[in-house]
Amino acid sequence: MSKELSSFAARLRDRISSPAGAEVPRLIAQERTFSETPHVGCCEDFAALALELFAVQFKHNAAYRKICEARNLTPSNVKQWTQIPAVPTSAFKELELTSLTPEERPAVFHSSGTTEQKPSRHFHNAESLAVYEASLWKWFEAHFGSAGDLIFLTPPPSQAPHSSLIHMFEVVRQRYGLSESAFRGQVAVDGSWALDFAAVIFNLQTAGDSDKPVTLLGTAFSFVHLLDELVEKNLMLQLPPGSRVMETGGYKNRSRALPKTELHALVTARLGVPRENIICEYGMSELSSQAYDLESKSSKIRNAERQFHFPPWARVQIISPETGLEAAEGETGIIRILDLANVFSVAAIQTEDLGIRRGDGFELIGRARRSEPRGCSLMTA
Amino acid sequence: MNLPNFFLADLPPEAVLSPQMITESCHTLKRNREKYLRNRTTDAIVKTLSEAGAEWLQPDGKFRKLALEHGPAETGFSKAILEKGLNGFFRQFTPENFQALLEQEIGGAQRLDKFTGPGTDGGSSRQSIVNGPEFLVHIAAGNLPNPAWMSLTLGLLTRSAQFMKCASGASFLPRLFAHSVYELDHKLGACLELAEWRGGNIDLEGRIFAEADCVTATGGDDALAAIRGELPPKVRFLGYGQRVSFGFVTREVLRDETVSKVVSDAADDVIAWDQNGCLSPHVIYVEERGVVESDKFAELLSVELAKREATEPRGKISVEESAGIASRRDLYAALTAHRGDIKFWSSHESTAWTVVFEHDTRFQFSCLNRFIYVKPVPDVADVLQGVDAVHGKVSTVGIAAPPEKMAELALRFARWGATRICPLGQMQNPPLTWRHDGRPALGDLVTWTDFEIKPQMDAD
């Protein structure tokens, strides 16, 4: 394995984990371009780090190098981090976008979704997982603190070893010092994720009787399953003040799809968690960092509109699909992320999600139409 | 745009439709049909329709001008594409073509007017008349106008009162056609109603379904199933689900002297209605080992699409569609770097057109809006294998082949299950007599009454 990548990974991990690691980006200049939003924090030299990482990835990630060469964008002519060639998430299905050799890949995360024939594959080893874990923990902690009661509406990692989301939940569980029973889901015979309703409802009722806040974490579809069950049983719960909900991901045909506002209204109605305590997470198996749509605790900036923010070691660009250039503020485009924590794969990732830049954050709008060329459910394409 | 508020769809966007308004409109339509339409002769209706068609083809025709002036903003299609599309459609509106349609579907133009004899039945002593549904409802999808125009046309021929529910934002062109009928003949126009709302509004839809004798609908399978579920049992339902189409080019026509015509025909099919119809090709299969090789064909097609963009530009598309194209292109750009067997060409700084050449023969859904796959195949057997996944969902196969090979190929595709086979370049130009999804479009609307005449007894 490349010493250069290992060295980068170790340095980045130290920075992320340092006390100022998640210090919230703050604007240091009024005059700025969209592509160079100035930040301070652990990664004020973000551009230099990004270019350094690009050079190393170009050298050691053969699949990525070919893509860069075909586009004639190489470390010798890329001068700004915004020029670093981004790889579409769909390419993770077709190509092995990693600098790890086949022997060096003890772990792999797959994209979720039941209809896909071929999932994305993000390969990991101990070192890359260590960066992932440092990254996810720091930003999670910045939003949720480091102690409390958590209930995960997903299966435990033993049942879903290829889910990056569940790996994240497992890291959080361990750092919170909670037992494995915090996972209240299981993988059903057909591979879908099911909930142990009796256990969850018992947990929630017990929490409701106490004054100890609880945080519920899960995918949008697991919340729909839970809320449907509460409606079915005619239950209205009132979780203690300070209780929170973390909701992530789409529906992927695993439940009926609810518009976000409707889902949140139901959460408030059935669980007694107010809107401001419902936090959305934006993440994917191809990344090593996540965005949350609430200002972190230490933030000085409060916005009326909720926007997603990545941690200081990952930055977003909104790309106009027509021109391939960065979209203007307020204009809808494709979300592109440069995640420094993606050390051993590819840092620059082009998603199939649509967003709008709002200040130094972004609003999530939806997905590109018919963006799945292979293995999609045929008649819905 | 200055059109009289004649249809519900003419009301300003802020107007709210109430279930009561819908029911009243249905009753008015039925009354008007009874008064003005029921006893018209087919000849009279054909005459009006032919006049309407001719009017739409006139360069200074009122509704044509409105369509071309406001259409780009209303529908997203460019003026050139709208012009081509409406020319192709209304050119069919001739008395001869209507005659042929009626002949094909019900055995003659008089069958809607009176009992007519056995004709080709040969000596039978039976006569028949056909009746259209009293009240015909159309649930029209999308912004391609042809299916909506055709539905209204067929309903006029069957002398039905018609209510067309358009998808939200998609009533403009059907509305102009209805206005053109109204202008030629107020009484005929009084038997039509058009309204626009977001599908699934059961308070409104329930009212029209309650009055309907027959409902036609175009749309996705889920939408059709939902509509079917809401219909009273007595209502006949004709659902036209999503279909896909593809092209096939044989090696014989891939010669230096013929290839430019084939490429031009292929481009015609890709740009017609910006590839948005069920009849537009997603993939063009090209036989290998022609004098002009299949990858060269793909390259020539890309050159042709670039040329067409200058004269017949693609319309505006949503950011979701645009992002869908950009994402798919990004993937192919990445794959091209790894696989020598994939090539791809695309417009610069826009998503206007894309050609992907790849050897994987499996049928591939395109992102549409002028995104075309070209796939080389050893021969037609490989095409049939490649399209297996869309079996039963294919509408049109557009073929470029020497005349002597056409019949044999047509039979192969017909036996496989394609419902329409046409020359490449004509995929989006079906004739008036087209059997939609393989079914008699007019024939499925009507019911027959047979009149069996007692045979004359022999003298002894």
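W434(B) sits in the loop that runs between β13 (420-423) and β14 (447-452) of chain B. In this predicted model, W434(B) counts as buried because 20 other C-beta atoms lie within 10 Å, and 20 or more is what burial requires. T419(B) is 15 residues from W434(B) along the chain, and the C-alpha atoms of the two are separated by 9.9 Å.

Another buried position in chain B is A400(B), which has 25 other C-beta atoms within 10 Å. This alanine belongs to strand β12 (residues 394-400) of chain B. Once neighbours within four places in sequence are set aside, the contacts of A400(B) are V249(B), T250(B), V253(B), V262(B), D265(B) and L424(B). K261(B) lies 139 residues from A400(B) in sequence, yet the C-alpha to C-alpha distance between them is 9.7 Å. For R358(A) and R121(A), a sequence separation of 237 residues goes with a C-alpha to C-alpha distance of 31 Å. R358(A) is found in strand β13 (residues 348-358) of chain A and, with 16 C-beta neighbours inside 10 Å, counts as partly exposed.

The surroundings of F297(B) give a local view of the packing: leaving out residues up to four places away in sequence, F297(B) touches V249(B), L254(B), V259(B), V263(B), V286(B), V292(B) and V374(B).

Turning to chain A as a whole, the secondary structure comes to nine helices and 14 strands. Of the 381 residues in chain A, 48% are buried. Among contacts in chain A between residues at least 6 apart in sequence, those that join residues at least 24 apart make up 68%.

Two packed helices can be described by the angle between their axes and the distance between those axes. In chain A, the axes of helix α1 (residues 3-17) and α5(A) come within 9 Å and cross at roughly 20 degrees. This angle makes α1(A) roughly parallel to α5(A), as it falls under 35 degrees. The crossing of α1(A) and α5(A) is left-handed. On the α1(A) side, the contact is made by S6(A), A9(A), L12(A), R13(A), I16(A) and S17(A), and α5(A) supplies E127(A), S128(A), A130(A), V131(A), A134(A), S135(A) and K138(A). Sorted by class, the residues of this contact are six nonpolar, four polar and three charged.

The crossing of α3(B) and α4(B) is right-handed. R64(B), A67(B), L68(B), G71(B) and P72(B) of α3(B) meet K79(B), L82(B), E83(B) and L86(B) of α4(B). Five nonpolar, one polar and three charged residues make up the contact of α3(B) with α4(B).

Between the two chains, the contact takes 28 residues from chain B and 29 residues from chain A. Helix α13 (residues 319-336) of chain B gives the most to the side of chain B that touches chain A, with 15 residues. That side of chain B divides into twelve nonpolar, nine polar and seven charged residues.

Finally, the backbone deserves a look. Most residues other than glycine have a negative phi. Against this background, D274(B) has a positive phi near 50 degrees, and R289(B) has a positive phi near 65 degrees. What sets their surroundings apart is burial. D274(B) counts as buried, with 25 C-beta neighbours inside 10 Å, whereas R289(B) has 11 such neighbours and counts as exposed. D274(B) lies in the loop between α11 (259-271) and β8 (281-287) of chain B, and R289(B) lies in the loop between β8 and α12 (294-311) of chain B.

Terms used: Residues are numbered from 1 along each chain as its sequence is written. Chains are lettered from A and ligands numbered from 1 in the order in which they are written. This is a predicted model: local features need pLDDT of at least 70, side-chain atom pairs count only at pLDDT 80 or more; totals for chains, interfaces and linings use all residues. Two residues are in contact if their C-beta atoms, placed from the backbone, lie within 7 Å. Helices (H or I, at least four residues) and strands (E, at least two) are DSSP runs, numbered from the N terminus. Ala, Val, Leu, Ile, Met, Phe, Trp, Tyr, Cys and Pro count as nonpolar, Asp, Glu, Lys and Arg as charged, and the others, Gly among them, as polar. Axes are lines fitted to C-alpha atoms, for helices over the stretch in contact, and angles run from 0 to 180 degrees between N-to-C directions. Angles under 35 degrees count as roughly parallel, over 145 as roughly antiparallel, 65 to 115 as roughly perpendicular and the rest as oblique. A crossing is left-handed if the near helix is turned anticlockwise from the far one by less than a right angle, and right-handed if clockwise. A residue is buried if 20 or more other C-beta atoms lie within 10 Å of its own, exposed if 12 or fewer, and partly exposed in between; C-beta atoms are placed from the backbone.
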